[in-house]
Amino acid sequence: MTAILEPDAANRAVLQAMLHGSTGLPSAEALSEHIQSQPAEFAVVIGPSITTDEAASFAQWARVNRPDLGVILLRDTVDAGTLSLALRSGMREVVQSKDLAGITTAVQRARSVASAIGQTMMGEVQAAAEEAKARLVAEAEAQRAAEEAPQGKLFTVFSTKGGVGKSLVAVNTAVALSQRGHRVCLVDLDVNSGDVAIMLQLSPTRNVNDLVSFRGEIDEGAIESLLTKHSDTMSVIAAPVTLDSPDQASAEEIGRLLDGLKAMFEFIVVDTSGVFDDQALAALDRSATIILVGTLDIPALKGVKLATSTLDLLNFPRDSWSFVLNRADAKVGLTQPEFESTLGLKADATLVSSREVLAAVNRGEALVSAFPANANSKALTTFATTLAKAHAEDPAVAPAGRKAGRLRMRKG
């Protein structure tokens, strides 16, 4: 179809008679409404009564909004200035108003060009649709593959009381798991005073705060760059060794790190700072088991009681907790049954006072490696084996997380 813009009724009638099926319009406003309502229109013939500037303005609009619409300008006299303006504004052709055959031919060419442009645009739309479909299919397959891929189990070692042996339990649990052929990563989230690297005599070149440098792009390659190898089956992500770290990894970055590690390792053991900060909560939320540590004394009992009360408040299910009682042989007027009764928890492992514990730390070795015959080594190895077996028997176990109605606590 062809639209004719010509205010002069006589001229408009002549053009309509010559261009069968065309629509005559007396004003630019009427043309605008017509074009909006007729998306199949392929040509607009602008009569000689319309000023060149008006014609150029419409052609510029059509070039951007309707590239398939051929604008044909009719002028009583065609000069170089008119042709130059037509070229700049995007008009298809300029024809003398009395050249009836030329007008008809120009409209036919506009139809052919519009058809070719339409086919090209349709092809582009189809190609874009196919590309979008392929992308959605690929994303769905990647998501399904990620969901079906084995996910490592994360164990978070936690206590609100310092000096109870939290890092000792974390390090030896991780090493004991690795000694049985499991792929293990030990993560030190105690960014202010983490001891994991020192306890294993490691000299890491990167630490957990280097997550900041990835600006949220925490993929497998980024995580690999943070790992410090301890053995063929165990790697460590260390805490900073100095207190002057310019940036500290956010809870979101810690969460992405831990999610990535679960796709790379069978077991992830996380040592924490002992504070319910966002970093600790990121680990606790992803934990298959939360390992609480205490010693047989009143201050430690108070600390573990505070931890359990807070975990209850945050709706972490108790069946995801384990409890390790350190220095259980201490003669301090408090017995293990009294400790357990007050907490409402039974100890899953008990450790006794031993000079070999400090000797192993000073040697930069895990106790289970340095003194495998030590009673504590045997207890920690049995504890790690029990954890691994429990989750091997139930590979689909979900992280402990927090149940519905959760209450989020943050620092300060």
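The account below goes from the sheet to its helices.

This is a predicted model, in which local features need pLDDT of at least 70 and side-chain atom pairs count only at pLDDT 80 or more, while totals for chains, interfaces and linings use all residues. Residues are numbered from 1 along each chain as its sequence is written, and side-chain values use heavy atoms, with hydrogens and water left out.

Eight strands form an open sheet with mixed pairing, in the order E8-E9-E7-E10-E6-E11-E12-E13. Helices (H or I, at least four residues) and strands (E, at least two) are DSSP runs numbered from the N terminus, and two strands pair if DSSP finds at least two bridges between them. Strand E8 (228-231) and strand E13 (349-350) are the edges, each pairing on one side only. Within the sheet, E11 (residues 289-295) and E12 (residues 321-326) pair in the parallel sense over six bridges. Val293 stands opposite Val324 in E12.

Helix H11 (residues 298-313) lies across E6, E11 and E12 and runs at about 160° to E11. Axes here are lines fitted to C-alpha atoms, for helices over the stretch in contact, with angles from 0 to 180 degrees between N-to-C directions; contact means heavy atoms within 4.5 Å.

H11 also packs against helix H12 (residues 336-343), at an angle of about 25° and with the axes 10 Å apart. The two helices, H11 and H12, are therefore roughly parallel to each other, a term for angles under 35 degrees. In their contact, Ala300, Leu301, Val304 and Lys305 of H11 meet Phe339, Thr342 and Leu343 of H12.

How values were computed:
Parallel < 35°, antiparallel > 145°, perpendicular 65-115°, else oblique.
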